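Visitor: I am new to reading folds. Could you walk me through this one, step by step?

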Amino acid sequence: MGTQLVMYEEEFTKINAVCDRLTKDANAKVVFLVDKNGQLISSAGQTQNIDTTSLASLTAGNVAAMGGLAKLIGENEFPNQFHEGAKDSLYMTIVGSRVVLVVIFDNRTSLGLVRLRIKKASDELTKIFESLVKKTDSPGAGSPFAEISDDDIDNLFSE
């Protein structure tokens, strides 16, 4: 993965809104967004009984392990994973090759609905992260100081 991504409040608010909406639209129990380093970015839904720190790091470890398996059989990665349990199921998808969207759901919804809603949320999140990368690559863009150059500063203090 490339550079460390800086999170701005505007994008963080948008990311949280996408996760909240996905929880409702997919009728999911929990939605998490985790970076590939195991850092929890956002969570929505019934998170009170879940160790979010462990979930985030185990998700990152799982994606790394599955990436290793994918490479062994000639794939780049497995962008989508589905794990079905007796009560709860887990669906995860890699978004913009940077983060992992995790949805935990039970029999109140279907895998088809979850996949459909994840696709929409994933597209929205990809756009948000693309704008974040642009902001990170050009820090200060949009700032009132953006057009001030080093020469302007030197001139200001040399008089």
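Guide: Start with pairing: two strands pair if DSSP finds at least two bridges between them. Helices (H or I, at least four residues) and strands (E, at least two) are DSSP runs, numbered from the N terminus. This is a predicted model: local features need pLDDT of at least 70, side-chain atom pairs count only at pLDDT 80 or more, and totals for chains, interfaces and linings use all residues. Residues are numbered from 1 along each chain as its sequence is written, and side-chain values use heavy atoms, leaving out hydrogens and water.

Visitor: How many bridges join S3 to S4?

Guide: These two strands form a hairpin, with four residues between them. They run antiparallel. Phenylalanine 82 stands opposite tyrosine 91 in S4. The number of bridges joining S3 to S4 is five.

Visitor: What is the strand order in the open sheet?

Guide: The sheet has five strands. Their pairing is antiparallel. Read across the sheet, the order is S2-S1-S5-S4-S3.

Visitor: Which strands stand at the edges?

Guide: An edge strand has a single partner, so one of its sides is left without a neighbour in the sheet. That is the case for S2 (40-45) and S3 (80-84).

Visitor: What does the twist average from one strand to the next?

Guide: Angles run from 0 to 180 degrees between N-to-C directions, and axes are lines fitted to C-alpha atoms, for helices over the stretch in contact. From one strand to the next, the twist averages 10°.

Visitor: What is the bridge partner of valine 31 in S2?

Guide: Look at S1 (residues 30-35) beside S2: five bridges join the two, and they run antiparallel. In S2, valine 31 has as its bridge partner alanine 44.

Visitor: Which strands does helix H1 touch?

Guide: H1 covers residues 9-25 and packs on the sheet. Its direction makes about 35° with that of S2. Contact means heavy atoms within 4.5 Å. By that rule, H1 touches S1, S2 and S5 (99-105).

Visitor: What angle does the direction of H3 make with that of S5?

Guide: H3 (residues 111-137) also packs on the sheet. It touches S1, S2, S3, S4 (89-95) and S5. Its direction makes an angle with that of S5 of about 155°.

Visitor: How far apart are the axes of H1 and H3?

Guide: The two helices pack at an angle of about 180°. Their axes lie apart by 10 Å.

Visitor: Is H1 roughly parallel or roughly antiparallel to H3?

Guide: Angles under 35 degrees count as roughly parallel, over 145 as roughly antiparallel, 65 to 115 as roughly perpendicular and the rest as oblique. The angle here is about 180°. So H1 is, relative to H3, roughly antiparallel.

Visitor: Which residues form one aromatic cluster?

Guide: Rings of Phe, Tyr and Trp (its six-membered ring) pair if their centres lie within 6.5 Å; planes under 30 degrees apart count as stacked, over 60 as edge-to-face and the rest as tilted. The structure holds two aromatic pairs. Phenylalanine 82 and tyrosine 91 are tilted, at 6.5 Å and 40°, while phenylalanine 82 and phenylalanine 105 are stacked, at 6.2 Å and 15°. One cluster is formed by Phe82, Tyr91 and Phe105.

Visitor: Is tyrosine 91 buried or exposed?

Guide: Buried means under 20% relative accessible area, exposed over 50%, partly exposed in between (1.4 Å probe, protein chains only). Phenylalanine 82, at 33%, counts as partly exposed. Tyrosine 91 has 4% relative accessibility, so it counts as buried.

Visitor: Which residues is serine 122 in contact with, leaving aside its neighbours within four places in sequence?

Guide: Serine 122 is found in H3. Its relative accessible area is 11%, so it is buried. Beyond those neighbours within four places, its contacts are Val95 and Leu101.

Visitor: How far apart in space are threonine 53 and glutamine 39?

Guide: Threonine 53 is found in H2 (residues 52-72). At 60% relative accessibility, it counts as exposed. Threonine 53 and glutamine 39 are 14 residues apart in sequence, and their C-alpha to C-alpha distance is 7.7 Å.
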